[in-house]
Amino acid sequence: MTRREEYEARTEKYLLPLLEGHRFELVDVEYVKEAGNWYLRAYIDKEGGITVDDCEAISRNLSDWLDKEDFIADSYILEVSSPGLGRPLKKDKDFERNLGEEVELKLYKPRGKQKEYAGILKGYDKGTVIIEMEDGKEEVFARAEIALIRLVFDF
């Protein structure tokens with residue numbers, strides 16, 4: 001397990017029971033370096049949407065725990081937020097909740113000459129995602145080749 005994975009796993013292990021008590025969902029935890037700074041981000045959600053007050057309450061609690069545990073060697077910025085409308089589908093529960101919905105996906109490498117696809121999410125398993133294209137044909141994508149998959153929103 002890499003250092004990054006360890007930090008994310010320990011943070012997730014702490015957050016899960018805390019969020020359950022608030023009836024929140026943990027969408028994702030990530031530890032990433034951007035523009036020279038490390039960020040520890042927790043994305044949370046709930047039915048009806050997350051508020052700023054929700055994020056603040058979890059952030060304070062998480063920050064206190066992180067200060068006490070002090071297991072992250074680097075200097076980092078802590079962020080707790082909603083995943084937003086462009087929320088990526090990452091976990092099986094994300095795929096399950098959105099079966100039958102229109103999604104867009106971007107591949108790491110083009111398939112033929114195409115990197116972006118859109119269609120109806122028809123199925124998934126541990127290694128694949130099935131999308132029904134506009135012409136009614138189903139395309140199967142390996143999860144490992146998908147850079148991003150999220151719901152399509154028409155405004």
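Biologist: Is Asp94 buried or exposed?

Modeller: Asp94 counts as buried, at 1% relative accessibility. Buried means under 20% relative accessible area, exposed over 50%, and partly exposed in between, with a 1.4 Å probe and protein chains only. Please note that this is a predicted model: local features need pLDDT of at least 70, side-chain atom pairs count only at pLDDT 80 or more, and totals for chains, interfaces and linings use all residues. Residues are numbered from 1 along each chain as its sequence is written, and side-chain values use heavy atoms, with hydrogens and water left out.

Biologist: With which residue does Asp94 form a salt bridge?

Modeller: With Arg97; the closest N and O atoms are 3.0 Å apart. A salt bridge here is a side-chain nitrogen of Lys or Arg within 4 Å of a carboxyl oxygen of Asp or Glu. Both residues lie in helix H3 (residues 92–97), three residues apart, about one turn of the helix. Helices (H or I, at least four residues) and strands (E, at least two) are DSSP runs, numbered from the N terminus. Arg97 counts as partly exposed, at 43% relative accessibility. Salt bridges that share partners join Glu25, Lys93, Asp94 and Arg97 into one network.

Biologist: How many salt bridges does the structure hold?

Modeller: There are 18. One of them links the side chains of Arg41 and Glu34, at 2.9 Å from N to O. Arg41 is buried, with a relative accessible area of 10%, whereas Glu34 is partly exposed at 35%.

Biologist: Turning to the strands, what is the order in the open sheet of three strands?

Modeller: The order is S1-S2-S3, with mixed pairing. Strands S1 (25–34) and S3 (76–81) stand at the edges, each with a single partner strand, so one side of each has no neighbour in the sheet. Two strands pair if DSSP finds at least two bridges between them. S1 and S2 (residues 37–45) run antiparallel and are joined by nine bridges, with Val32 opposite Tyr39 in S2.

Biologist: Which strands does helix H1 touch?

Modeller: Helix H1 (residues 3–22) packs on the sheet and touches S1 and S2, contact meaning heavy atoms within 4.5 Å.

Biologist: And what do S6 and S7 form?

Modeller: They form a hairpin with five residues between them, and Gly136 in the turn has a positive phi of about 90°. S6 (residues 128–132) and S7 (residues 138–142) pair in the antiparallel sense over five bridges. Ile130 stands opposite Val140 in S7.

Methods: Axes fitted to C-alpha atoms, helices over the stretch in contact; angles between N-to-C directions.
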